[in-house]
Amino acid sequence: MRLSRAFAWALLCTTATTVTAPYATAPSDCGGHYTDDYGRIINYVGPKTECVWVIEYEPGEIPMVAIQDLSKLTCGKEYVEVLDGPPGSESLARICRGFTTFYRSSSNIITIKYSREPSHPPSFFEIYYFIDVWAPK
């Protein structure tokens with residue numbers, strides 16, 4: 001589910017002190033399974049052309065992602081995709097351009113996929129993930 005920008009910015013501002021925590025992927029991390037309450041995924045710079053990061057919380061906890069400025073991605077050659085659940089789930093969005101956008105899973109899992117053409121060098125991106133503190137319990 002895509003959230004309104006006003007609500008999403010309010011959410012990011014209220015969680016900003018935790019979202020900038022030291023939990024971050026390294027540019028050499030192409031995918032992984034994350035269960036931390038919050039963290040940051042940054043661009044992968046290695047030779048692989050597809051990376052999948054799965055964020056999974058306890059049942060009842062809803063993950064959200066804030067995808068920072070994707071203006072450096074080259075549409076047609078690379079994209080970031082947000083899946084509503086584990087790999088293979090319905091796509092919430094496939095993005096190659098845009099400014100900060102927020103996505104919320106309908107379950108306790110959200111998946112981020114980065115894909116690029118083999119001949120294309122990777123571009124910079126940042127994705128913050130965190131628990132939706134306003135999700136009904």
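I began with Glu-50, which forms a salt bridge with Lys-113 (a side-chain nitrogen of Lys or Arg within 4 Å of a carboxyl oxygen of Asp or Glu); the closest N and O atoms are 3.7 Å apart. I located Glu-50 in strand S3 (residues 50-56) and Lys-113 in strand S8 (residues 109-116), so the pair links distant parts of the chain, 63 residues apart; strands (E, at least two residues) are DSSP runs, numbered from the N terminus.

I noted that the model is predicted: local features need pLDDT of at least 70, side-chain atom pairs count only at pLDDT 80 or more, and totals for chains, interfaces and linings use all residues. Residues are numbered from 1 along each chain as its sequence is written, and side-chain values use heavy atoms, with hydrogens and water left out.

I then looked up accessibility (buried: under 20% relative accessible area; exposed: over 50%; partly exposed: in between; 1.4 Å probe, protein chains only). Glu-50 is partly exposed at 42%, whereas Lys-113 is buried at 17%.

I counted 5 salt bridges in the structure and examined two further ones.

Arg-94 pairs with Glu-81 in a salt bridge, with 3.5 Å between the closest N and O atoms. I placed Arg-94 in strand S6 (residues 91-95) and Glu-81 in strand S5, 13 residues apart. Arg-94 is exposed, with a relative accessible area of 54%; Glu-81 is buried, at 8%.

Glu-117 and Lys-77 meet through their side chains in a salt bridge of 3.8 Å, N to O. I found Glu-117 in the loop between S8 and strand S9 (126-131), and Lys-77 in the loop between strand S4 (63-67) and strand S5 (78-83), 40 residues apart. Glu-117 is partly exposed at 32%, and Lys-77 is partly exposed at 38%.

Note on methods: Helix = DSSP H or I, 4+ residues; strand = E, 2+ residues; numbered from the N terminus.
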